[in-house]
Amino acid sequence: MILHLLFLLTITTTPINSFSINSSSSTMLTPRTSADISLEIKDPVDPTALTQSKAILSELRPNSSTNNDDSLSSSSCNPKALLSIAKRLGDIPAQDDSASYLVSKEQCQEAFDNLSTEEKQTLLNIHQRVKVFAEAQRKSVVDVSIEIPGGRAGHTVSPCRAAGCYAPGGRYPLPSSVLMTVVTARAAGCPYVVLASPRPAPITLAAAHVAGADIVLCVGGAQAIGCMAYGIEACDELGAAEVPACDVIVGPGNKWVTAAKSLVNGYCGIDMLAGPSEVLVIADHTADVEIVAADLIAQAEHDVVARAILVSTDVNVIAKVNAEVERQVDCLPEPNRSTAKEALTQSFSIVCKDMDECIAMSDKLAPEHLEIQTENSQEVADRCANYGGLFIGTHAAEVLGDYGAGPNHTLPTGGTGRYTGGLSVFNFLRIRTWMRIDNKKESQDMVEDSVRMARLEGLEGHARAAEARSLTLTPAYKKANNGSN
């Protein structure tokens with residue numbers, strides 16, 4: 001359930017991380033053929049947002065070398081500069097002299113305490129399911145140690161020190177994104193977690209309390225990413241404590257968030273540069289058309305640039321789903337109805353000759369969310385190769401994944417599911433290798449191989465460093481020294 005607030009994506013203009021489509025139609029799901037569809041992987045970073053984000057990052061750190069395009073400068077963000085930007089861009093009320101960019105743990109606790117019993121339990125239930133799944137992921141990767149000639153080698157698995165999590169706060173509050181990101185970082189073992197969300201709703205703050213965020217920043221956009229990447233200096237005048245720089249930043253956001261993540265990537269790690277959200281449903285004659293329509297609409301209401309795709313072997317199913325989408329979307333309240341209708345103008349359906357073609361079409365598009373609503377749905381699912389998250393059968397609604405069945409809802413978009421997966425504990429973990437030689441004699445074959453390979457590569461210094469460990473070879477640097485004497 002990645003929400004991408006401001007990516008521009010339409011059928012009639014050049015798409016970003018999207019599908020190139022050749023014709024137009026006024027139906028709810030525009031009919032296409034497989035020949036109409038091609039996958040275009042484009043840069044997800046908006047050029048104008050990139051320029052604006054660079055300026056914001058420079059303003060956050062006025063004394064750094066960021067102004068000279070050195071994004072790896074280590075100076076922290078200036079608290080007064082952050083407050084000024086936050087007020088100017090609407091994160092914080094401009095006229096409130098007492099406003100802070102920090103939300104206290106007490107405020108998050110109060111937000112949770114003010115929820116109804118049912119709302120509290122829902123947050124706790126989702127937290128538990130996400131936590132159990134993430135902890136199972138963490139247990140799947142362990143330290144390794146094996147024998148090598150003359151010693152041992154292995155790897156260790158350890159969490160990064162500080163994790164930064166972003167939760168959107170624009171069109172809709174997304175407490176689910178708070179849980180998906182913060183809980184996953186905690187399950188990975190990160191000792192310090194920072195959450196940023198602009199104008200956080202009480203339910204967002206309550207989710208931050210349940211998830212266990214150490215710091216909550218009520219700022220968004222590039223300024224939030226900059227603060228998490230570089231940290232924030234303490235400021236006694238503002239009564240603000242220091243915020244540490246984060247080693248990894250994750251979570252969905254608008255085009256300024258994406259642009260800023262591209263700028264700080266390298267100084268710290270990021271999860272992905274994502275594009276507009278999408279769902280693809282493979283349906284056959286057995287599909288429940290009301291449920292298929294409901295799932296397509298659920299995706300469309302995310303944002304005007306979201307995309308819902310139906311692929312089927314049955315033209316009658318497509319016609320019935322199309323009619324059902326039209327009926328159901330008109331029943332939505334505003335602003336959901338207008339948002340979904342706009343998204344549906346760039347959504348489409350494809351009739352395929354058989355299930356093999358349906359699967360091939362899905363693999364070509366590598367959708368963020370892939371639903372299988374067919375006879376023998378598990379068999380069909382097993383044949384699908386490219387997707388972000390897979391939802392098998394009528395009852396495995398994508399929205400259940402959105403709201404905490406267990407697997408993370410932050411997933412790769414725009415065809416990137418061909419080579420990567422969604423957010424997980426692995427984004428916060430470092431797998432670092434080590435080796436140790438205990439028996440010099442037993443390591444000699446390895447030493448000789450290293451000497452020979454180094455000279456084949458033309459790296460004489462490497463060869464001599466290996467020779468220094470040899471029991472039979474005289475290092476070339478010693479021969480050179482003896483010759484000079």
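This is a predicted model: local features need pLDDT of at least 70, side-chain atom pairs count only at pLDDT 80 or more; totals for chains, interfaces and linings use all residues.

Me: How many aromatic pairs does the structure hold?

Reply: The structure holds 1 aromatic pair. Ring planes under 30 degrees apart count as stacked, over 60 as edge-to-face and the rest as tilted. The rings of Tyr-230 and Tyr-267 have planes at 50°, so this pair is tilted, with the ring centres 4.9 Å apart.

Me: Where in the chain do Tyr-230 and Tyr-267 lie?

Reply: The pair links distant parts of the chain, 37 residues apart. Tyr-230 belongs to helix H7 (residues 221–230), whereas Tyr-267 is in the loop between helix H8 (255–264) and strand S11 (269–270).

Me: Is Tyr-230 buried or exposed?

Reply: Buried means under 20% relative accessible area. Tyr-230 has 2%, so Tyr-230 is buried. Tyr-267, at 26%, is partly exposed.

Me: Which residue lies over the face of Tyr-230?

Reply: Arg-61 takes that place, at 3.5 Å from the ring centre. Elsewhere, Lys-120 lies over the face of Phe-112, at 5.6 Å from the ring centre.

Me: What is the volume of the second largest pocket, and which residues are closest to its centre?

Reply: Rolling a probe the size of a water molecule over the atoms shows where empty space is left. The second largest pocket has a volume of about 250 Å³. Of its 17 lining residues, the closest to the centre are Asp-91, Gly-220, Gly-221, Asn-254 and Trp-256. H7 gives the most to this lining, with 3 residues. By class, the lining has 8 nonpolar, 7 polar and 2 charged residues.

Technical notes:
Residues are numbered from 1 along each chain as its sequence is written. Side-chain values use heavy atoms; hydrogens and water are left out. Rings of Phe, Tyr and Trp (its six-membered ring) pair if their centres lie within 6.5 Å; planes under 30 degrees apart count as stacked, over 60 as edge-to-face and the rest as tilted. Helices (H or I, at least four residues) and strands (E, at least two) are DSSP runs, numbered from the N terminus. Buried means under 20% relative accessible area, exposed over 50%, partly exposed in between (1.4 Å probe, protein chains only). A charge sits over a ring if NZ of Lys or CZ of Arg is within 6 Å of the ring centre and within 35 degrees of the ring normal. On a 1 Å grid over the protein atoms alone, a cavity is a set of points where a 1.4 Å probe fits but cannot get out, and a pocket is an open set with protein on both sides within 12 Å along at least five of seven lines; lining residues have an atom within 4 Å of a point. Grid points are joined across faces, edges and corners, and a volume is the space filled by probe spheres set on the points. Ala, Val, Leu, Ile, Met, Phe, Trp, Tyr, Cys and Pro count as nonpolar, Asp, Glu, Lys and Arg as charged, and the others, Gly among them, as polar.
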